[in-house]
Amino acid sequence: MESGVNKRVFASDNNAGIHPDILQEIRSSNSGHVVGYGSDVYTEKAKEIFRSEFGPEAETFFVFTGTAANVLSLSAITRSWNSVVTASTAHLEQDECGAPEKFTGCKVLTVDTSDGKITVDLIGRHMHGFDFEHHSQPGVISITQSTEMGTVYTVEEIRKLSEFAHSKGMLLHMDGARIANAAVSLNLPFRAFTTDAGVDVLSFGGTKNGMMFGETILFLRPGLSDGFKYIRKQGMQLASKMRYISAQYIAYFKDELWKSCASHSNSMAKILAERIANFRELTITQPVQSNGVFVIMPHDVAERMRKHYFFYPWDENRSEYRLMASWDTTEEDIDGFIKLLEKEL
């Protein structure tokens with residue numbers, strides 16, 4: 001990024017700023033003293049919102065990061081002799097620096113998938129060794145919604161996985177870093193494809209959709225959170241000034257701000273994909289179901305483009321790149337990108 005440090009690019013929705021309404025809610029909560037560590041009116045209100053969205057039995061715990069949400073939630077529902085089965089593209093495998101294995105003691109077992117989604121058939125090869133002490137015991141299936149490849153699980157796909165997991169005495173965990181984008185894509189409320197579809201534990205993210213920081217762990221079945229407050233403290237994720245995490249969710253759900261942000265980023269990704277599809281030299285490799293576009297483009301062209309509109313390689317072996325739209329992406333951003341792309345091609 002040699003010029004335009006504040007220029008909107010397509011590298012990651014993490015790169016976008018904070019939505020003004022969320023920033024204003026943080027300012028509004030920044031008045032006077034409240035009891036720390038979550039015993040405040042903002043945190044209780046946020047918890048009430050999550051219960052209304054996911055069901056009255058949903059138990060809510062706020063943490064700082066998505067990695068913490070994934071790792072600590074798994075720590076609560078596994079023992080060190082368990083294994084967690086997930087897609088080879090999942091953050092648990094690719095982007096957590098080994099934290100799941102380090103903090104849970106579990107094995108992470110992966111399956112290869114062309115679209116980021118796992119199925120009962122794909123994970124079948126890991127379903128053995130139950131009650132055999134020489135073998136790690138499959139304990140959790142973990143899925144990402146929407147996936148790291150921009151695809152979205154249907155309710156039926158999630159339900160099949162949850163029913164299979166429960167039939168084996170296992171649990172279903174969902175990494176919902178981009179869950180708002182999935183909800184918009186499915187045109188469903190959150191509960192329809194989480195609690196009602198049999199998801200047991202959810203990492204609910206908002207940072208990629210206009211929030212400043214802070215993620216949520218939701219235990220959707222009674223009893224799963226037993227002792228979790230100690231796990232969160234030992235995991236160094238108990239915020240003393242928790243109101244600044246909680247307040248963001250108050251704004252996030254007010255007037256469905258989450259939906260407008262995710263709808264915008266999804267629609268920008270579709271527009272970007274439609275414009276890219278006009279170039280016969282480029283190939284879009286995944287259906288654009290959320291806010292990511294995966295495209296094969298000539299390596300030399302991509303390297304020149306990345307100097308002006310930074311984005312990340314996905315599969316360098318076949319010159320595949322990932323382009324992410326954000327809540328603040330504009331059509332002007334897309335126009336500029338396409339004009340430069342046309343010139344470079």
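1. Start with the largest pocket: 33 residues line it, and H91, D95, E148, K208 and R322 lie nearest its centre. Several elements give two or more residues to this lining, namely α3 (66–77), α4 (91–94), β5 (171–176), β6 (201–204) and β10 (312–315). Helices (H or I, at least four residues) and strands (E, at least two) are DSSP runs, numbered from the N terminus. A pocket here is an open set of points on a 1 Å grid over the protein atoms alone, with protein on both sides within 12 Å along at least five of seven lines, and a lining residue has an atom within 4 Å of a point.

2. Before going on, please keep in mind that this is a predicted model, in which local features need pLDDT of at least 70 and side-chain atom pairs count only at pLDDT 80 or more, while totals for chains, interfaces and linings use all residues. Residues are numbered from 1 along each chain as its sequence is written, and side-chain values use heavy atoms, with hydrogens and water left out.

3. What is the volume of the largest pocket? The value is about 690 Å³, where a volume is the space filled by probe spheres set on grid points joined across faces, edges and corners. The lining of this pocket has seven nonpolar, 17 polar and nine charged residues. For these classes, Ala, Val, Leu, Ile, Met, Phe, Trp, Tyr, Cys and Pro count as nonpolar, Asp, Glu, Lys and Arg as charged, and the others, Gly among them, as polar.

4. There is also one cavity of 30 Å³ or more; a cavity is a set of points where a 1.4 Å probe fits but cannot get out. The largest cavity holds about 40 Å³ of space. Its lining includes T147, E148, R178, N291 and M324. By class, that lining has three nonpolar, five polar and two charged residues.

5. Now to the aromatic rings, where the whole structure has 28 aromatic pairs. Rings of Phe, Tyr and Trp (its six-membered ring) pair if their centres lie within 6.5 Å; planes under 30 degrees apart count as stacked, over 60 as edge-to-face and the rest as tilted. F61 and F219 make an edge-to-face pair, 5.8 Å centre to centre with 85° between the planes. Because F61 lies in strand β1 (residues 59–63) and F219 in strand β7 (residues 215–219), the pair ties together parts that are 158 residues apart in sequence.

6. F311 and F337 are also edge-to-face, with 6.1 Å between centres and 75° between planes. F311 is buried, at a relative accessible area of 0%, and F337 is buried at 0% too. Buried means under 20% relative accessible area, exposed over 50%, partly exposed in between (1.4 Å probe, protein chains only).

7. Have a look at helix α10 (residues 243–253) as well: 11 of its 11 residues are buried, so this helix is largely enclosed by the rest of the structure. Just after α10, D255 takes a positive phi of about 55°.

8. How many disulfides does a search of the whole structure find? The search finds zero, a disulfide being a pair of cysteine sulfur atoms within 2.5 Å. For C106, the nearest cysteine sulfur is that of C97, 17 Å away. C106 is buried at 3% relative accessible area, and C261 is buried at 4%.
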